[in-house]
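My notes follow the order in which I looked.

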Amino acid sequence: MHSRLLRIAFAISFAGFIELHSAANAQEKMTLAQAYEELQSETLSEVQRKQLLQFFGTQFKSQDLSSPKHQHIMQVDGFKGGYVGWAIRAPNRNQVLVVSDREDAWQLTRLDSDLWVGVERFRNFDTIKYYYRIDSQNLPAEEGHSFQFEAYPWMPESMPQDNVPHGELISMPAIESQKYFVGTTRDWWVYVPANYTNERAESTKLMVFNDGEGFVKGEGNAVNVLDNLIAAKRIPSMIAVFVNPGKFIETKGDSTKNPKANSNRGNEYDSCTPRYANFLDEEILAIVREKYPYSEDPWDHAILGSSSGGSCAFTASWYRNDLFRRVVTFVGSFCDFRPLKSYPLAGTDTMLSGDQFGQWKTAHDYPALIRKTQPPKPMKVLLQDGTNDLDNQLGNWFLNNQRMAAALKYSNYDYRFVAGQGMHSKKHGMSILPEIMIWLWTDASPKQSLEASR
């Protein structure tokens, strides 16, 4: 009898072990897509519940689920879209919904006494802004409560090709600014095309990429595009310089809590003055010119950037038109970054000092400046943005890019505005980078066409 009880106890224990072990293995292998399938069941078994608890516990382990400010999780499914998962702690509640700004609603499932979870599938280019509704009470929408599935096919020219000569991407020694951004250091790279020789320096073009590291890594990177288009003679041979924003040499904040605390990016990119272009000219390009000479004609120089790096690229060309005359901006931040205190004082005629943010203060002012500056400056400009870009207290990114395009058209600039459905990312721009480069460099002498149109 005693041995029979032991066998029964062992069997029960072993079954429990198998159940927990299976749940652990399932958690290790479970994906968000599988969690979605599990949550379609009208009634969850205890095994499913344990699997899902382990899965969501792992996925959200670093987030405070008692606060609605935490982030959702995502799984991309190629061009099909993907899955989004939510989890939130709401004790003693009867219903938790995720509600979109279009009033679509997805009901979450209670896994234990206070943890509610949910997964939904979305299509490519679905764009959602959402908030939580708990027992009919709407929680405030948070800044990070938005997402989009945004996938684009790569053009052949964006992919590595074995049958073309490959240029060299050189990682340059980190440089400490000696004049314009003292106290900062930055990483940077120089691309030298395969056919480069000093004898051809007079015909070699130059292109600078702000936030440079993001353009030299991953699929569709600019190095692939340069190799392929130069080999096909669809763009001229050029030196490309990829420059990161500066980081403070001495710590300015707790970078473990805020990775941007030690970055000088905002100061460099959002200040609408010639300072950043001067820095490039005197502290970066001076080194490049000495080792890899290139054409001195400003029409042979281009600059590209994304977000604040994009508006910075426009600023560099606007104020140093003798240095850059071709500009590309992805999701350019042509918005108003000045604080409220820099506006005229309410109820008085008193104005704050006009030079606090430079003569034109922020990139939000460029459309008016473009319209009022005659004759037009010799520039060729490409703007790219998406209808689902940011909309916050600094402005509406897409509308401000439209304002830029309208001003460039009014003033008869050589420009192009590429509009898509994207959010605040350079994914769309990078997917069409070969087309952009060809358009940017096609005309032999835009200066002549500009003068002829006046």
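I began with the term: a salt bridge is a side-chain nitrogen of Lys or Arg within 4 Å of a carboxyl oxygen of Asp or Glu. I noted that this is a predicted model, in which local features need pLDDT of at least 70 and side-chain atom pairs count only at pLDDT 80 or more, while totals for chains, interfaces and linings use all residues. Residues are numbered from 1 along each chain as its sequence is written, and side-chain values use heavy atoms, with hydrogens and water left out.

**Salt bridges**

I looked up the total and found 19 salt bridges in the structure. Side chains of opposite charge can pair when their charged atoms come close.

I went to K179, which forms a salt bridge with E282; their closest N and O atoms are 3.0 Å apart. The pair links distant parts of the chain, 103 residues apart: K179 sits in the loop between β10 (168–176) and β11 (184–192), and E282 in helix α7 (residues 275–291). For these elements, helices (H or I, at least four residues) and strands (E, at least two) are DSSP runs, numbered from the N terminus.

I then checked accessibility, where buried means under 20% relative accessible area, exposed over 50%, and partly exposed in between (1.4 Å probe, protein chains only). E282 is partly exposed because its relative accessibility is 37%.

Next I took D211 and R265, whose salt bridge has its closest N and O atoms 2.8 Å apart. D211 lies in the loop between β12 (205–210) and α4 (213–216), and R265 in helix α6 (residues 265–269), so I can note a link between distant parts of the chain, 54 residues apart. K380 is buried, with a relative accessible area of 4%, and D443 counts as buried at 19% relative accessibility. I also noted one network, in which salt bridges that share partners join D281, R289, R320 and D322.

**The sheet**

I turned to an open sheet of four strands, in the order β1-β2-β6-β5 with antiparallel pairing; two strands pair if DSSP finds at least two bridges between them. Its edge strands, β1 (73–76) and β5 (109–110), each pair on one side only. β1 pairs with β2 (residues 82–89) in the antiparallel sense over four bridges, and M74 stands opposite V84 in β2.
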